[in-house]
Amino acid sequence: MCGIVGYISKDGNPNSLRLGVEALKRLEYRGYDSAGFAIWDANKKDIFCQKAVGRINKLEEKINNNSVFDNPVILHTRWATHGGVTDCNAHPHCDCRKNIYLVHNGIIENYKELKEQLIKEGHKFSSETDTEVLSHLVEKFFKGNLEEAVRRALSLVRGTYGIAVISREDPKKIVAARLGSPLLLGLGENEYLIASDPSAVIAHTKKVIYLDDGEIATLTPENFFILKEKKPEEIEWKLEEAQKGGFPHFMLKEIMEEPETIENALRGRLIIEEGRVKLGGLDGIQEKLRKINRLILVACGTASYAARVGEYMLEEYAGIPTEVDTASEFRYRKPIVDKNTAAIFISQSGETADTLAALKEMKQKGILTIGITNVVGSTQARETDAGVYTRSGPEIAVASTKAFLGQLATLAMFAVYLGRQREMALVMGKRIVQELAKLPELAKETLKSAPEIEKLAKNYKDFNNFWFIGRKYNYPIALEGALKLKEISYLHAEGVGAGELKHGPIALIDETFPTVAILPSDSVYEKMVSNIQEVKARRGKVLAIATQGNEDIKKIVDDVIYIPKTLEMLTPILSVIPLHLFAYYTAVLLGHDVDKPRNLAKSVTVE
Ligand code: F6R
């Protein structure tokens, strides 16, 4: 997601900006849509700030080569979450007096309340971001000492942050703080760096100190201060590894980020005591949504499987008749819609040509269009009437993994949102919201099976064909598990509703054609067991995804991967995690380029 760099050195270095920009470029792999910096200008005794939409070289083009700056300098790459991709929304953000400049990673959950209060107190805002409240808050408390002002400002903030702050009136320092968003200090020779990711500092030093949650650090040209005594650590990664967060592939890094992705999607949106969810992007259409009596969900590929899970959630909990179509087909049928129909478009990139074409068609018919999108400011996000961002962060591996989790979590919130507008009781709302809040932890627990799944992949990699079966909420997960395996391992895999096996597919089953069965302990568990028996009767090998504590299943199947218990409607959010890992390890063992599988593109912008 966003990236932070800060640089300060002993002898004010005229190359500071160049060094900072180089370090920032090492964070480019994380994906971003705009960049900016703020630097102490020793001649003018002021801070110079510059921002640009697009790549870092667009920012570089704006720097006048004759300008002699000094340091400290703070730099940022932004990946939009609040507010579109514009120069104005890019970081650093400053206060009214242009004294405080600040870069931020994370999300300030209570920014709306803080902003309203600050506006009442006379502060003038110039961006749509949540971050800008931080610079005005620091301004409010600034009495000449930057650390003190930052400390007081942060005491009012709810959410997550990694920040770096500089001030014209307290110029020879960078103040940095973290809560839930990584930040480290790089301790070089006569120079200090601050960064959100080790890859930014590695070219300068391997000696680092990782800040812990709640810590505030101050860097001056001579020294650094953190309240707690901390020993520096050595970074062991090579530069290329660092860019993947130490993982061998982006895909594994992104699967390992799945718990965080769920957390980001849910952050600040669950109101547990009222059993409801708050989706700010729907505020403007709240009343229209009350009248909607039919939903159409449209998407492609993995996103269309999220839509299928959404169909079950929305029908069961919101009580709204829902249908799902893949965008490439939807366009060419004659969808019958009326003024009480809403169409929801789901897309990670927000640029998928088929989905956009279907969106255009629905807009032509004049119905309400809603986007569930990851990329802020993408065409889908701009063209829909309203929407919810999934906040999954940039997904670099071609095969979608963590974005799918963001889509599922968002759809579950959608079901509660619409359900609570209708018949859903408070107790039911509370129950779902409470279970949703537990999901990030349960997802972390699910990931602990990774070594076991790697071993299983070794046993299954030499089969050429696979069935993936599931029912109800986990039928779409069977489709997703099969798609992921075929995309990156090039093995033939098909997902099918387990009840459909006997209507044809079962003809293929023998000892050479294994089945991956997804059967959490839910309302269709017994039916799934019967379907597995049908497979076993034909000598088919079965790998099951089952709920922790279900020991009986071991007697029927060949291998089991356990997932924690949760509500039936939320089981897909956990059951898909082992399937992503299974596809990943199988492809790695077969020696394929998992991040860039053949014939595939990350964003399919052609029809
Ligand atoms: C599968 C995959 C694709 C995408 C599909 C839609 O791993 O990545 O199936 O899910 O192309 O892309 P978005 O979500 O960007 O519209």
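My entries follow, one topic at a time.

**Ground rules.** I am working on a predicted model, where local features need pLDDT of at least 70 and side-chain atom pairs count only at pLDDT 80 or more, while totals for chains, interfaces and linings use all residues. Residues are numbered from 1 along each chain as its sequence is written, and side-chain values use heavy atoms, with hydrogens and water left out.

**Aromatic pairs.** I looked up the ring pairs and got 10 of them. My cut-offs: rings of Phe, Tyr and Trp (its six-membered ring) pair if their centres lie within 6.5 Å, and planes under 30 degrees apart are stacked, over 60 edge-to-face, the rest tilted.

I picked Tyr460 and Phe582 to start. Their ring centres are 6.0 Å apart and the planes meet at 75 degrees, so I noted the pair as edge-to-face. Tyr460 belongs to helix α16 (residues 450–460) and Phe582 to helix α19 (residues 571–589), so I have a link between distant parts of the chain, 122 residues apart. For element names I use DSSP runs numbered from the N terminus: helices are H or I with at least four residues, strands are E with at least two.

Next I checked Trp467 with Phe513. This aromatic pair is stacked, with 5.5 Å centre to centre and 20 degrees between the planes. Trp467 is in strand β22 (residues 465–470) and Phe513 is in the loop between β23 (492–497) and β24 (515–519), so the pair ties together parts 46 residues apart in sequence. I find Trp467 and Phe513 buried as well.

I also traced a cluster: ring pairs link Tyr460, Phe463, Phe466 and Phe582.

**Charges over rings.** I count a charge over a ring if NZ of Lys or CZ of Arg is within 6 Å of the ring centre and within 35 degrees of the ring normal. Tyr460 turns up again here, with Lys541 over its face at 5.0 Å from the ring centre. My other case is Tyr490, where the charged end of Arg598 sits 3.7 Å from the ring centre.

Then I looked at oxygen atoms of the ligand. One is 2.6 Å from an N or O atom in the Ser349 side chain. I also have an oxygen 2.9 Å from a polar backbone atom of Ser400, and one 2.8 Å from a polar side-chain atom of Glu487. Taken alone the ligand exposes 400 Å², and the protein buries 90% of that (Shrake-Rupley method, 1.4 Å probe; for residues, only the protein chains shown count as cover).

I found a cis peptide bond between Asn71 and Pro72, omega about 15 degrees. Pro72 is in the loop between α2 (56–61) and β4 (73–78). Another cis bond joins His91 and Pro92, with omega about 0 degrees, and Pro92 lies in the loop between β4 and β5 (93–94).

I then looked for positive phi outside glycine. Lys45 has a phi of about 55 degrees and sits in the loop between β2 (34–41) and β3 (46–53). At 56% relative accessibility, I call Lys45 exposed. Arg539 has phi near 65 degrees, in the loop between α18 (525–536) and β25 (542–547), and is exposed at 54%.

Terms used: Buried < 20%, exposed > 50% of the residue type's maximum accessible area, 1.4 Å probe, protein only. Polar contact = N/O pair within 3.5 Å; in protein donor to acceptor, adjacent residues only side chain to side chain.
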